[in-house]
Amino acid sequence: MSQWTGNETVDEAVARTLAGEALTREECLALLDESVDALTEGAAVVRDELAGEGVTTRGLGYVTRGICSQDCGFCAYSARHDADVEQHGVIEREKLRDAAKRAERKGAERFNIVSTRRGADSALRTDEWQEVLGAIETIREETDLEVDACLGFLEPDEAERLAGEGVKHYVHMVETSPRYFEEITSTHTFEERRRTLEVAREAGIDLISGIIVGMGETPVDRVDAARELRDIGIDVFSLNVLSPVAGTPVAEEVGTTPDITREGILQTLAVVRFVHPEIRIDTNTARAPITREEFLEASGNSIQLGDMIHYGDYPVSERESA
Ligand code: SF4
């Protein structure tokens, strides 16, 4: 009988991971054939030993919302789709500060400033960029929150400016594997996303990146995306469950309920934990077939308070009370 779960393949993966060895792609793919219970149990051992059980919470506020030029098939905020979601142009720094204070009162430790744009484009949209910088400064002065930013593609000077303002994490998803990325987005590439992560890291900002599950990708795509992120070297893995929004191409393909089961999420979480044994794994579970408690009990570490980015939307009433 093997040591942790009784499943030989999983326990071998646990032993190698605890010894500091990285699993090969073939070994990661082999895990997909094992029982979800054993995988979850093994991943929890890895989390407890190497990443710890600490849970953090975060809130977010939008600088802009719903006017993006890009065509990501899952995204309700693309101007090219017909999703019926709240939209607005640039909002003032005071409103972002107030949202941050609300999030802090509800227990958030971090606040993410989000713009649903292709990129920061500071030279093109000077006023918006100044509002972002002002909001970061105000929130840092008036709250104890760590401030993160999610503004799309970044140039090196923009990343350095954000680092200078004290931004803790740059949040930039790769969404899925390079293979599937080409099927969901035609207006930019996986490599462009990788470059922004590298630019932010070179400026000294920690990285949050991750994937969306439930948009028609395969389990192999999820493994490949997780391994790409290991090669890039991220600090927090964000595992997002898509709640497809009517009017987006992905919702037309897979319908408007998440295209993944509870077992599929647990399997993904476990394999991500084996690929990223030492870092925090965040999630949103707003409408996913898994609860926050199940996620944290498996091998996750963090939850998001309130709104979600890009991956679905709450009705306004739920958003305000979340
Ligand atoms: S995911 Fe980001 S880049 Fe893609 S359409 Fe949505 S806001 Fe734009």
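This is a predicted model: local features need pLDDT of at least 70, side-chain atom pairs count only at pLDDT 80 or more; totals for chains, interfaces and linings use all residues.
View 1. The buried positions are D221, R222, V223, D224, A225, A226, R227, E228, L229 and I232, and they pack against α2 (25-31), α7, α8, β5, β6 (236-241) and α11 (262-275). After α9 comes G233, a residue whose phi is positive, near 90°.

**View 2. Helix α8 and the elements around its buried residues.** Helix α8 covers residues 190-202, and its 13 residues should span 18 Å at 1.5 Å a residue; the C-alpha atoms at its ends lie 19 Å apart, which agrees. F190, R193, R194, T196, L197, V199 and A200 are the buried residues of this helix. An α-helix has 3.6 residues a turn, so residues three or four places apart point the same way. The elements against which the buried residues of α8 pack are α6, β4 (169-171), α7 (178-184), β5 (206-213) and α9 (219-232). G204, which follows α8, has a positive phi, near 95°.

**View 3. The contact of α5 with α6.** The axes of helix α5 (residues 126-142) and helix α6 (residues 156-164) come within 10 Å of each other and cross at roughly 25°. Because angles under 35 degrees count as roughly parallel, that crossing makes α5 roughly parallel to α6. On the α5 side the meeting residues are W129, L133 and I136, while E158, R161 and L162 meet them from α6. Sorted by type, the residues of this contact divide into four nonpolar and two charged, with no polar ones.

**View 4. The protein chain as the setting for the close-ups.** The protein chain contains 13 helices and eight strands, and buried residues make up 59% of its 322 residues. Among contacts in the chain between residues at least 6 apart in sequence, 74% join residues that are at least 24 apart. The chain exposes about 13100 Å², of which carbon and sulfur atoms supply 44%.

Terms used
Residues are numbered from 1 along each chain as its sequence is written. Side-chain values use heavy atoms; hydrogens and water are left out. Axes are lines fitted to C-alpha atoms, for helices over the stretch in contact, and angles run from 0 to 180 degrees between N-to-C directions. Helices (H or I, at least four residues) and strands (E, at least two) are DSSP runs, numbered from the N terminus. Angles under 35 degrees count as roughly parallel, over 145 as roughly antiparallel, 65 to 115 as roughly perpendicular and the rest as oblique. Contact means heavy atoms within 4.5 Å. Ala, Val, Leu, Ile, Met, Phe, Trp, Tyr, Cys and Pro count as nonpolar, Asp, Glu, Lys and Arg as charged, and the others, Gly among them, as polar. Buried means under 20% relative accessible area, exposed over 50%, partly exposed in between (1.4 Å probe, protein chains only). Accessible areas come from the Shrake-Rupley method with a 1.4 Å probe; for residues, only the protein chains shown count as cover. The expected span of a helix is 1.5 Å times one less than its number of residues.
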